[in-house]
Amino acid sequence: GPETFEQTLTQTMKLTVAAVHVDGTATLRQSIEAVSMEVTTPAGKVAYDSARPVGDDADPRVVAMSKTAGGMVGEAISVTMAPTGAIKRIDGAARIADKLIASLPRDPMSGGLAQNIKAMMNEDALRNSLEQSFSRMPEQPVSVGDTWTSEQAIGADATGKIVGTSTFTLKAVDGAGDARS
């Protein structure tokens, strides 16, 4: 029968606001603080956690995971976000992908891993992931009762995308906020 392969990748990320510009555009810094990965195959389970040092006698698969998944720890990207929540620019992802790919062993399996890393770190995939984390605001000012929509895409071109539309309605305004005359 068919064989099952499962992979779980968990990342702990820190997002900090580096600057907010006069027009409301924000520059964010997203750093990867920790990574854990678990792979289950018909041959068994292999797990890696960046919080635990990899010993000299570790399974070679865990050593490889520590170089690729663990290589992300401490790395950061810079994200420029419009006041609406739209991601305008992402810097640093290609550098991280190149670093991870350079750490791969020189064997036939590495080609597939390199493609996965490129797909995970490409700008569209990162943009989709980041934009899911922030509500989309409308381009124009709104009043109580106004409605606007936002489209989100989940997935990547290589694996397929699911596109959803969210509809937002401003029900009330509490407090003065950043009212400007």
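What follows is a set of questions and answers about a predicted model.

Q: Are helices α2 and α3 roughly parallel or roughly antiparallel?
A: Start with the geometry: α2 covers residues 93-102 and α3 covers residues 110-121, and their axes sit 9 Å apart. The packing angle is about 165°. Angles over 145 degrees count as roughly antiparallel, so α2 against α3 comes out as roughly antiparallel.

Q: What is the handedness of the crossing where α2 passes α3?
A: These are the two helices that pack with their axes 9 Å apart. As α2 passes α3, the crossing is right-handed.

Q: How many charged residues are there in the contact of α2 with α3?
A: On the α2 side you'll find Ala93, Ile96, Ala97, Leu100 and Ile101, and they meet Ala114, Ile117, Lys118 and Met121 of α3. Sorted by class, that contact has eight nonpolar residues and no polar ones, and the number of charged residues is one.

Q: Which residues of α4 does α3 meet?
A: From α3, the residues taking part are Ala119, Met120 and Met121. By class, the contact has five nonpolar residues, no polar ones and one charged. The partners in α4 are Glu123, Ala125 and Leu126.

Q: Which element gives the largest share of the lining of the largest pocket?
A: This pocket holds about 1500 Å³ of space and is lined by 46 residues. Several elements each supply at least two of the lining residues, among them β1 (6-20), β2 (26-41), α1 (60-68) and β4 (76-81). The largest share is nine residues, and the element supplying them is α3.

Q: How many residues in the lining of the largest pocket are nonpolar?
A: Nearest the pocket's centre lie Gln7, Leu9, Met37, Asn116 and Met120. Across the lining, five residues are charged and twelve are polar, while the nonpolar count is 29.

Note on methods: Residues are numbered from 1 along each chain as its sequence is written. This is a predicted model: local features need pLDDT of at least 70, side-chain atom pairs count only at pLDDT 80 or more; totals for chains, interfaces and linings use all residues. Side-chain values use heavy atoms; hydrogens and water are left out. Axes are lines fitted to C-alpha atoms, for helices over the stretch in contact, and angles run from 0 to 180 degrees between N-to-C directions. Helices (H or I, at least four residues) and strands (E, at least two) are DSSP runs, numbered from the N terminus. Angles under 35 degrees count as roughly parallel, over 145 as roughly antiparallel, 65 to 115 as roughly perpendicular and the rest as oblique. A crossing is left-handed if the near helix is turned anticlockwise from the far one by less than a right angle, and right-handed if clockwise. Contact means heavy atoms within 4.5 Å. Ala, Val, Leu, Ile, Met, Phe, Trp, Tyr, Cys and Pro count as nonpolar, Asp, Glu, Lys and Arg as charged, and the others, Gly among them, as polar. On a 1 Å grid over the protein atoms alone, a cavity is a set of points where a 1.4 Å probe fits but cannot get out, and a pocket is an open set with protein on both sides within 12 Å along at least five of seven lines; lining residues have an atom within 4 Å of a point. Grid points are joined across faces, edges and corners, and a volume is the space filled by probe spheres set on the points.
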